[in-house]
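Let's take a walk through this structure together. Have the viewer ready, and follow along as each part comes up.

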Amino acid sequence: MTAPVLEVRGLRKTYPGVLAVDDASFAVAPGEILGLVGKNGAGKSTVIKMVAGLVAPDAGEILVDGEPKALASSHAASVLGISVVHQELALVPRSSVAENVFLGLPYPRRAGLFVDWPELHRRTREVLARLGLTVDPRESVDGLSVAQQRMVMIARCLAWEARVVVLDEPTASLTDDEISHLLEVLRQLAADRVAIVYVSHRLEEVLGATDRVVVMRDGSVVADLVTATLTKQALVAGITGEAKASESQTVHVDRAGRPPGAELLRVTGLTRAPALHGVDLSLREGEVLGLAGLVGAGRTELARVLFGVDTPDSGTITVRGKDVVLRSPRAAMRERIALLPEDRRHQGNDTAQSIRKNTSLPTLRQHRAVRWLPRPSAAKERAASEEMVGRLGIKARSTEVAVGTLSGGNQQKVVLAKWLVHGADVFVFDEPTAGIDVEGKADVYGIVGELADAGKAVLFISSDLPELAAVSDRVVVLREGRVVAELTGEQVSEPEILGHCYGGADAATSA
Ligand SMILES: Nc1ncnc2c1ncn2[C@@H]1O[C@H](COP(=O)(O)OP(=O)(O)OP(=O)(O)O)[C@@H](O)[C@H]1O
Ligand SMILES: [Mg+2]
C-alpha cells in the first residue's frame, strides 16, 4: 500500500458514563475509498469528529502524512486537507449556497478589497456542476431539500480541494439516482488521489463502492477487510458480531395478512404549488401504502400537508369519512395522524431534552399523575419511555440522557418511539430507516407490520426500493407532484416501481 495520508492509532473517547470510542486504528491511502461500518452507536461518528478536529481524543494519535497532528479545530483539520461531511447537516442557516460552499475559504476580491460576488457565484456554480447540482448559488440554503443540502456540504469539500474527504452517512436520504451520481463523484476524486472515508448503513453501497472496509463494534475496530473478498453476509456477521448472519439482512415483514378494513384517510385533488398537483389517494385500516418517487416528486410535501405543517392550495382531506382542515400539526394529531419527518434533526426531537421528555411530548395529558394536575408524572413517563427504548433497541445509558448525546441512528428511533407512545391511527413514515443499522431496520419493519395488524394505516415513504416493495401492500408512485401509477399485488416490485418513477413505465408494464 502507498503511504497513508491519514492514519488513526488507538483513538479513545469517553463521555460521562459512556465509552464512545475504545480503541480505533486504521489508515487510508491516497486514491483509496475506505468504508467505515458498524451498528448504531458503534462509535463511527465520534471517530470522525475526532478526525475533523471537533472532539479531542482522550488517547491515541491522528497522523497526517505520517506526522502526528493536534487537530484543535475543524479549521485546523481543513487546513491539513481533511474535509468532513457530518451526519447531522451543518450548513450555516440564512446564508446562501455560495457562502456555505466557500465557508472559511478566502473569497475572491476586487482590488483586494471588495468581495467579487459574481466571481464567487461563478466558482460556486463550477463546483456544483461537478456534482450535477443546478441550484442557484445565491439561493438561501434554508429552502433546499435535505438531499440538496447534503450535496452543498459535499461541494464544500470540493471547494477546499481536500486530500481526505470523510462522509458520514451521506446517502441517508438520497435517491438511487443521486447516490449513483455521488458515488461517481467519489470515484473521480479517488482517481485524483483523494482519500475517501465513507460511513454508511447501506451495505450494498459499501460493497459496491469501497476498496476496503473497517468494521467497528462497541467502540473498537474489530476488522479491516479487503472489499473484493467480502460478501454481504460476512459483512453483516462482522457488524453484529454474530458468527451467522441473521435473517435481518433481508427485508422481511411478518404480517397476519388480514384484508384491509374501513377507509381511514382519503385525499382528493390535493394541490400545493409547485410540489403537488391534484393528488388522489386513499388509505384503509390495516394497510401499508408505499409512496414512491424521485426526490422532488412531492413525497415529503404530501407528508407535510397530511400533518398540517403546510396547507394545501386546494383539494380535500377526509379522515374517517369526514372532511377536515389541517391547519397545524396539532390539528393533525387531533385527527390521530402522526408524522415521522424526514428531517428528524430539525422537526423530530428536542435534542437538549431527555429521551423521557421527548417520548412524552405529544402525550403529556396521558401521563398526568393526577388528572387535574397539569404536571406529568415522571414515573409514568419513564415506564412508557423505557418500554419503547427496549422495543426499539435504543442504545442509551438511561431514558434521562439528552437525545443530543445519542448516535444519529438512535436519535431517529426516539422520534419513532414518541409516536408509538402517543398512538395514532394514520402513521406517515418519511424515510424511517435512513441512518438505521441492519438490526434496527428489522425492528422498524416489525413495527410497521404490527401497526398494520392492529388496524392502523401506514403511509410509508422510502427511497430504498427493495424495502418499499417488501413493506407495502400497495404502492402509489408520484412524479412531478402527480400520481402516475398505483401498483397492487404482483406489481409491487422493485423494477416496476422504478420504471414508473422515471416515466419509462410503458416499457415496464408491457414487458
Ligand atoms: N456528546 C455526547 N455525549 C454523550 N455520549 C455521546 C456523545 N456523542 C456520542 N455519544 C455516545 O457515544 C456512542 C457512539 O456514538 P456515535 O455517534 O459515534 O455512533 P455511530 O457509530 O455514529 O452510530 P450511528 O450509526 O447511529 O450514527 C453512543 O453510545 C453515543 O450515545
Ligand atoms: Mg453516526
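Predicted model: local features only at pLDDT ≥ 70, side-chain atom pairs only at ≥ 80, totals over all residues.

Residues are numbered from 1 along each chain as its sequence is written, chains are lettered from A and ligands numbered from 1 in the order in which they are written, and side-chain values use heavy atoms, with hydrogens and water left out.

Let's begin with ligand 1. There are 19 residues around ligand 1, and those that come nearest are Gly41, Lys44, Thr46, Ser407 and Gly409; a residue counts as near if one of its heavy atoms lies within 4 Å of the molecule or strand in question. By class, this shell holds 11 polar, five nonpolar and three charged residues. Here Ala, Val, Leu, Ile, Met, Phe, Trp, Tyr, Cys and Pro count as nonpolar, Asp, Glu, Lys and Arg as charged, and the others, Gly among them, as polar.

A polar side-chain atom of Asn40 sits 2.9 Å from an oxygen atom of ligand 1, and a polar backbone atom of Ala42 is 3.2 Å from an oxygen atom of the ligand. In the side chain of His201, an N or O atom lies 2.8 Å from a ligand oxygen atom. Of the 640 Å² of accessible area that ligand 1 has on its own, the protein covers 89% (areas come from the Shrake-Rupley method with a 1.4 Å probe).

Which elements give two or more residues to this shell? They are strand S2 (18-28), helix H1 (44-51) and helix H14 (408-422), and H1 gives the most, with three residues. Helices (H or I, at least four residues) and strands (E, at least two) are DSSP runs numbered from the N terminus. Ligand 1 lies between domain 1 (6-249) and domain 3 (343-423), because both give residues to its shell; the domain bounds come from an automatic or database domain assignment.

Now for the sheets, where two strands pair if DSSP finds at least two bridges between them. One open sheet has four strands in the order S14-S13-S16-S17, with antiparallel pairing. Strand S14 (276-284) and strand S17 (322-324) stand at its edges with a single partner strand each, so one side of each is left without a neighbour in the sheet. Inside this order, strand S13 (residues 263-272) and strand S16 (residues 314-319) share five antiparallel bridges, with Val267 partnered by Ile317 of S16.

Another open sheet has six strands in the order S18-S19-S20-S15-S21-S22, with mixed pairing. Its edge strands, S18 (337-340) and S22, each pair on one side only. S18 runs parallel to strand S19 (residues 426-430) over four bridges, and Ala338 stands opposite Phe427 in S19. S21 and S22 form a hairpin with two residues between them, and Glu480 in the turn has a positive phi of about 45°.

Most residues other than glycine have a negative phi, and most peptide bonds are trans. Arg193 has a positive phi near 75° and lies in the loop between helix H6 (176-191) and strand S10 (195-199).

Key:
Polar contact = N/O pair within 3.5 Å; in protein donor to acceptor, adjacent residues only side chain to side chain.
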